[in-house]
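I opened my notebook beside the model. These are my entries, in the order I looked things up.

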Amino acid sequence: IQTVHPRALADVSFQLSFSAVLGILAAAKGFSTREPEARWGQWLKAGGKALAVSTAAWAATAPFLWWHFQQVSLLAPLANLVVVPWASGLMAAGLLVYAAALFIPALAVPFASSFSFLAQGLARVVTWLAEGPW
């Protein structure tokens with residue numbers, strides 16, 4: 001079994017994944033470990049970190065996006081603040097569907113309905129963002 005594929009370096013999915021992770025790691029080095037006292041300060045700091053991580057991943061992947069697709073979305077860092085948590089909720093709902101189906105199949109139905117609702121909503125939001133002039 002061959003485990004190393006040198007041609008993978010030219011694959012767009014490898015380039016985007018690898019550059020995004022490097023961008024995120026670079027951004028994470030600048031984070032302070034000291035937490036703010038006030039609750040609003042914690043929310044503000046968390047939002048700032050999320051935007052910094054999203055922007056770092058976007059900036060690191062932008063050259064590859066331009067090279068392969070001749071376009072880069074300027075809205076991507078802000079869009080990720082909505083899309084990433086939504087997709088995380090979708091993954092949690094999907095896990096509940098499978099867990100319920102495994103143990104008590106009748107319970108899978110309401111979880112599947114919530115999964116479907118979340119998936120359709122995410123598809124609409126992503127389509128709206130993709131069709132915009134930004």
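I started at glutamine 70, which sits in the loop between helix H2 (39-69) and helix H3 (76-103). Helices here are DSSP runs of H or I with at least four residues, strands are E runs of at least two, and both are numbered from the N terminus. Glutamine 70 has a positive phi of about 55°, although it is not a glycine. Most residues other than glycine have a negative phi.

I noted the source next. This is a predicted model, where local features need pLDDT of at least 70, side-chain atom pairs count only at pLDDT 80 or more, and totals for chains, interfaces and linings use all residues. Residues are numbered from 1 along each chain as its sequence is written, and side-chain values use heavy atoms, leaving out hydrogens and water.

Then I looked for aromatic pairs (ring centres of Phe, Tyr or Trp, the last by its six-membered ring, within 6.5 Å; planes under 30 degrees apart are stacked, over 60 edge-to-face, the rest tilted). I found 1. The rings of phenylalanine 14 and phenylalanine 18 have centres 5.4 Å apart and planes at 20°, so the pair is stacked. Both belong to helix H1 (residues 12-28); they are 4 residues apart, about one helical turn.

Buried means under 20% relative accessible area, exposed over 50%, and partly exposed in between (1.4 Å probe, protein chains only).

Last, the whole chain. I noted 4 helices and 0 strands. Buried residues make up 19% of the 134 residues.
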